[in-house]
There are 2 protein chains.
Amino acid sequence: MKLNPAIILVQPQLGENIGKTARAMLNFGLTDMRLVAPRDGWPNPSAGPAAAGADMVLDNAKTFDTVADAVADCHRVFAATVRDRDMPKPVATPGEAAKMVSESFASGLQSAFLFGREASGLSNDDVSHADTVLTVPVNPSFGSLNLAQAVILVAYELFNISDETKPHMTAHPEGPANKTETEDLHQHLASELDNRGYFRSEDRRATQERTLRNLILNAGFSSQEVHTLRGVIKSLSRPKR
Amino acid sequence: MKLNPAIILVQPQLGENIGKTARAMLNFGLTDMRLVAPRDGWPNPSAGPAAAGADMVLDNAKTFDTVADAVADCHRVFAATVRDRDMPKPVATPGEAAKMVSESFASGLQSAFLFGREASGLSNDDVSHADTVLTVPVNPSFGSLNLAQAVILVAYELFNISDETKPHMTAHPEGPANKTETEDLHQHLASELDNRGYFRSEDRRATQERTLRNLILNAGFSSQEVHTLRGVIKSLSRPKR
């Protein structure tokens with residue numbers, strides 16, 4: 001079962017931003033886009049090209065005259081804001097909101113997220129239709145997220161919470177050498193191998209070098225180990241006594 | 001202390017995308033941008049307008065000829081890919097990568113993230129400079145993230161892990177009413193209802209009262225809201241004019 005809360009854009013201005021939002025939604029499997037009184041009407045010819053293939057989201061988008069109409073079938077509504085509001089609402093981060101949506105979904109309840117106008121955000125009237133204020137923790141001195149980017153952070157958290165195919169971390173040794181040390185080791189090795197005709201052809205060289213570089217990096221050598229290996233290569237490169 | 005790993009764009013094509021990436025970085029406090037062989041040279045006049053105020057990131061951006069040069073001072077390098085690579089590397093999600101960066105940072109180690117060309121992503125040669133493959137879990141049938149959006153997801157996770165000023169779930173900024181206030185509200189309501197024969201029998205009264213008390217408590221009213229509701233009950237209880 002997949003979380004698919006409504007993403008509601010309140011009086012969005014530019015068709016391009018609606019398109020980019022559709023793309024961000026579909027990247028994480030969201031398809032229920034709703035538009036409240038889009039400034040330039042709907043459909044908007046600038047939306048399609050910006051959606052970069054997410055046309056099905058745009059084609060299925062529904063329009064509404066008011067926020068109240070847009071959330072009418074929803075049980076839990078989040079309002080995305082950056083500014084503090086003088087309103088007695090619980091506040092959630094995108095991660096917390098995703099958990100709440102997931103719990104609501106398990107009880108058969110539908111959720112929605114309200115996003116405001118590009119320039120001015122949601123009005124206090126808009127926010128009053130929400131149960132919870134959604135606030136993305138951002139750099140306090142540079143907090144202006146664009147519309148599609150605010151949406152993608154929410155969509156990403158929703159996908160994370162419902163995704164069970166996450167790649168898993170495999171263990172990695174500690175204390176790695178820095179990339180100058182590992183690259184110097186690689187170059188040293190490659191150079192000595194080259195002196196001995198190891199690289200069978202220029203065609204094969206790129207692949208063989210890549211294999212070696214991966215081998216060195218994946219080993220997770222410490223600085224000391226890299227030092228040791230440099231000594232080994234140096235030693236091996238000397239003529240036999 | 002703030003996490004500030006390098007964000008390295010490998011052969012980025014459009015200045016606009018470099019600018020949008022700078023904005024996404026600064027939204028979450030990242031400032032170390034590095035450019036490997038940007039296609040149209042550097043500086044690029046299209047970057048500034050797209051950065052929407054994040055000029056300091058662009059002004060401080062450093063350029064490099066090769067990936068090896070760009071990561072030379074780094075200890076832990078992540079390569080962002082969407083496609084599966086036939087390379088023996090550990091794989092991390094943005095959230096897992098943020099934890100690893102944080103742990104490395106605590107040990108005084110510098111991290112970096114490699115992001116590829118807009119159209120084709122990172123080459124296998126590029127990836128071979130990384131310790132770990134970074135994969136964003138996405139909709140498998142619509143996985144093309146644009147550059148700034150891939151970067152913002154990483155930056156967001158890094159900010160989350162280092163941010164201690166996260167908004168907390170508070171039912172009411174001003175604090176919920178205390179139990180005297182809510183109980184007085186309940187008693188006021190019950191008394192006026194009683195005056196009107198709402199409680200059908202003494203048997204049913206306990207259940208009906210409990211229902212009302214729960215309703216009031218679960219609403220989490222603030223003192224001000226309780227005050228407002230007392231006025232509402234008072235007003236409703238007056239005879240019609």
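Across the interface of chain B and chain A, 18 residue pairs are in polar contact, with both partners at pLDDT 80 or more. Helix 7 of chain B gives the largest share of the side that touches chain A, namely eight residues. Please keep in mind that this is a predicted model.

**Where the two chains meet**

- The contact involves 66 residues of chain B and 58 residues of chain A.
- About 4900 Å² is buried between chain B and chain A, and carbon and sulfur atoms give 58% of that area.
- Two salt bridges are counted between chain B and chain A.
- On the side of chain B that touches chain A, the elements giving two or more residues are helix 1 (15-27), strand 4 (76-80), strand 5 (91-92), helix 5 (94-106), helix 6 (124-127) and helix 7 (147-162) of chain B.

- Over all chains, the count of salt bridges comes to 23.
- B:Asp125 belongs to helix 6 of chain B and A:Arg210 to helix 9 (residues 202-219) of chain A, so this pair joins two chains.
- The side chains of B:Asp125 and A:Arg210 meet in a salt bridge at 3.3 Å, N to O.
- B:Asp125 counts as partly exposed because its relative accessibility is 33%.

**Helix 9 of chain B: one side in, one side out**

- Helix 9 of chain B runs over residues 202-219, which makes 18 residues. From first C-alpha to last, helix 9 of chain B reaches 26 Å, close to the 26 Å expected at 1.5 Å a residue.
- Which residues of helix 9 of chain B are buried? They are B:Arg205, B:Gln208, B:Glu209, B:Leu212 and B:Ile216.
- Helix 8 (179-194) of chain B is what the buried residues of helix 9 of chain B pack against.
- B:Asp203 and B:Asn218 are exposed on the other side of helix 9 of chain B.
- After helix 9 of chain B comes B:Gly220, which has a positive phi, near 65°.

- B:Glu183 and B:Arg213 form a salt bridge, with their closest N and O atoms 2.9 Å apart. This pair links distant parts of the chain, as B:Glu183 is in helix 8 of chain B and B:Arg213 is in helix 9 of chain B, 30 residues apart.
- B:Glu183 counts as partly exposed at 25% relative accessibility, and B:Arg213 also counts as partly exposed, at 29%.
- B:Glu202 forms a salt bridge with B:Arg205, where the closest N and O atoms are 3.3 Å apart. B:Glu202 and B:Arg205 are three residues apart in helix 9 of chain B, so about one helical turn separates them.
- B:Glu202 is exposed, with a relative accessible area of 62%, whereas B:Arg205 is buried, with a relative accessible area of 17%.

**A salt-bridge network in chain A**

- A:Asp32, A:Arg34, A:Lys62 and A:Asp73 are joined into one network by salt bridges that share partners.

**A buried histidine in chain A**

- A:His186 is found in helix 8 (residues 179-195) of chain A.
- Is A:His186 buried or exposed? A:His186 counts as buried because its relative accessibility is 0%.
- Not counting residues up to four places away in sequence, A:His186 touches A:Glu209, A:Leu212, A:Arg213 and A:Ile216.

How values were computed:
Residues are numbered from 1 along each chain as its sequence is written. Chains are lettered from A and ligands numbered from 1 in the order in which they are written. This is a predicted model: local features need pLDDT of at least 70, side-chain atom pairs count only at pLDDT 80 or more; totals for chains, interfaces and linings use all residues. Side-chain values use heavy atoms; hydrogens and water are left out. Helices (H or I, at least four residues) and strands (E, at least two) are DSSP runs, numbered from the N terminus. The expected span of a helix is 1.5 Å times one less than its number of residues. Buried means under 20% relative accessible area, exposed over 50%, partly exposed in between (1.4 Å probe, protein chains only). Contact means heavy atoms within 4.5 Å. Buried area is the accessible area (1.4 Å probe) that two parts lose on being put together, summed over both. A salt bridge is a side-chain nitrogen of Lys or Arg within 4 Å of a carboxyl oxygen of Asp or Glu. A polar contact is a pair of N or O atoms within 3.5 Å; within protein, one must be able to donate a hydrogen and the other to accept it, and residues adjacent in sequence count only if both atoms are side-chain atoms.
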